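This report goes through one structure, moving from charges over rings to aromatic pairs, strands and the core. Please keep the sequence and the 3D view at hand while reading.

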Amino acid sequence: MKFDDVAVPGGHLRIARFGEGPRLIIAAHGITASLMAWRTVADALPPGWSLIAPDLRGRGHSADVPGPYGLPRHAEDLELIAQHVGADETSVLTGHSMGAYIATLHGARRRYARVVLVDGGLPLPLPLGVDADAALEAGLGPALARLQMTYPSVEAYLDFFRAHPGFVGHWTPDVEEYVRYDADGEGLDGAVRSRAREDAVRQDGRWLRIEVETIGAALEAIESPLTLLRAPRGLLNEEVGLLPDDITATWRERLPRMRHELVEDCNHYTIIFEPRCAAVVADHLTTG
């Protein structure tokens with residue numbers, strides 16, 4: 001893994017290159033995540049491939065890059081990253097969770113060999129009578145709470161993740177590396193916080209839930225071969241996934257060219273962190 005910086009409006013984003021191959025994959029992470037979310041998928045890639053993953057503005061080691069946030073800004077940043085690394089029509093675009101929505105917006109404007117959306121990317125209309133902020137609180141729950149807390153040590157921060165329903169029984173060295181990378185601010189007293197900025201998460205989450213028509217239009221504008229990979233279980237390992245069956249069915253009918261696979265026995269997190277699930281993702285990224 002090699003780090004680099006890419007100039008964007010307001011500062012520089014950190015990017016990582018996993019692998020040495022000439023074929024490129026541009027990968028966007030989720031709403032409170034970091035570039036380390038892609039380690040397990042990158043390790044499953046065949047020879048000849050490299051995965052390029054940024055810390056999106058407001059997250060990871062790009063936390064100090066200021067807003068305004070919102071998914072269109074991240075999509076613009078992704079274009080600058082694609083230019084920086086020399087992505088072309090032989091390259092692949094992917095994103096997980098919120099990153100899948102960013103990939104949708106970016107992929108509507110640039111041709112790729114494939115666009116692979118991992119448990120995200122489909123518009124999620126707000127339930128009747130529920131506003132965007134309430135939906136964000138209900139959907140992210142522990143993730144938002146994590147951003148508001150200070151932990152006495154890195155080990156305490158690891159313990160928070162070990163108890164998270166999405167990771168119980170699925171703890172791996174890659175998950176631990178991901179959590180340690182996100183722990184920021186260990187000072188004289190050893191206390192740490194998440195690197196992710198709460199204001200960035202809230203602005204991005206609000207945009208995602210409000211701009212469903214924009215997301216839908218971008219999906220329909222993607223000309224590259226398009227694949228949706230979906231986890232059957234959700235953020236808290238619950239039985240209903242982030243992308244419900246009815247919404248998925250609607251978009252499969254509207255976009256009959258979109259390939260779809262339900263990655264069995266995965267939740268929203270393990271689809272990229274559990275080696276078996278990550279291998280499925282890697283196969284779709286590298287096989288036409």
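Which residue lies over the face of F3? R14 does, at 4.1 Å from the ring centre. The model is a predicted one.

**Aromatic pairs**

Ten aromatic pairs occur in the structure. Two of them are listed here.

| Pair | Centre to centre | Angle between planes | Type |
|---|---|---|---|
| F160 and F161 | 5.7 Å | 80 degrees | edge-to-face |
| F161 and Y178 | 6.3 Å | 85 degrees | edge-to-face |

F161 belongs to helix α6 (residues 154-162) and Y178 to helix α7 (residues 173-182), so their pair ties together parts 17 residues apart in sequence. F161 counts as buried because its relative accessibility is 4%. Y178 is buried too, with a relative accessible area of 7%, whereas F160 is partly exposed at 22%. The cut-off for buried is under 20% relative accessible area. Ring pairs join F160, F161 and Y178 with Y151, Y157, F167, W171, Y269 and F273 in a cluster.

Strand β6 covers residues 114-118, and five of its five residues are buried. One side of the strand carries R114, V116 and V118, the other V115 and L117, and all of these are buried, which leaves both faces covered.

β6 pairs with two strands described here. With strand β5 (residues 92-96) the pairing is parallel and runs over five bridges; V92 stands opposite R114 of β6. With strand β9 (residues 226-230) the pairing is also parallel, over four bridges, and T227 in β9 is the bridge partner of V116. Together, β5, α3 and β6 form a right-handed β-α-β unit.

Setting aside residues up to four places away in sequence, V41 touches L51, I272, A278, V281, A282 and L285.

**A buried aspartate**

Is D77 buried or exposed? D77 is buried, because its relative accessible area is 1%. The residue lies in helix α2 (residues 71-85). Apart from neighbours within four places in sequence, D77 is in contact with V8, P9, L13 and R57.

Key. Residues numbered from 1 in each chain as written. Predicted model: local features only at pLDDT ≥ 70, side-chain atom pairs only at ≥ 80, totals over all residues. Heavy atoms only, no water. Contact = heavy atoms within 4.5 Å. Buried < 20%, exposed > 50% of the residue type's maximum accessible area, 1.4 Å probe, protein only. Pairing = 2+ DSSP bridges. Right-handed = clockwise from strand over helix to strand, strands pointing away. Phe/Tyr/Trp six-rings, centres within 6.5 Å; stacked < 30°, edge-to-face > 60°. Lys NZ or Arg CZ within 6 Å of the ring centre and 35° of its normal.
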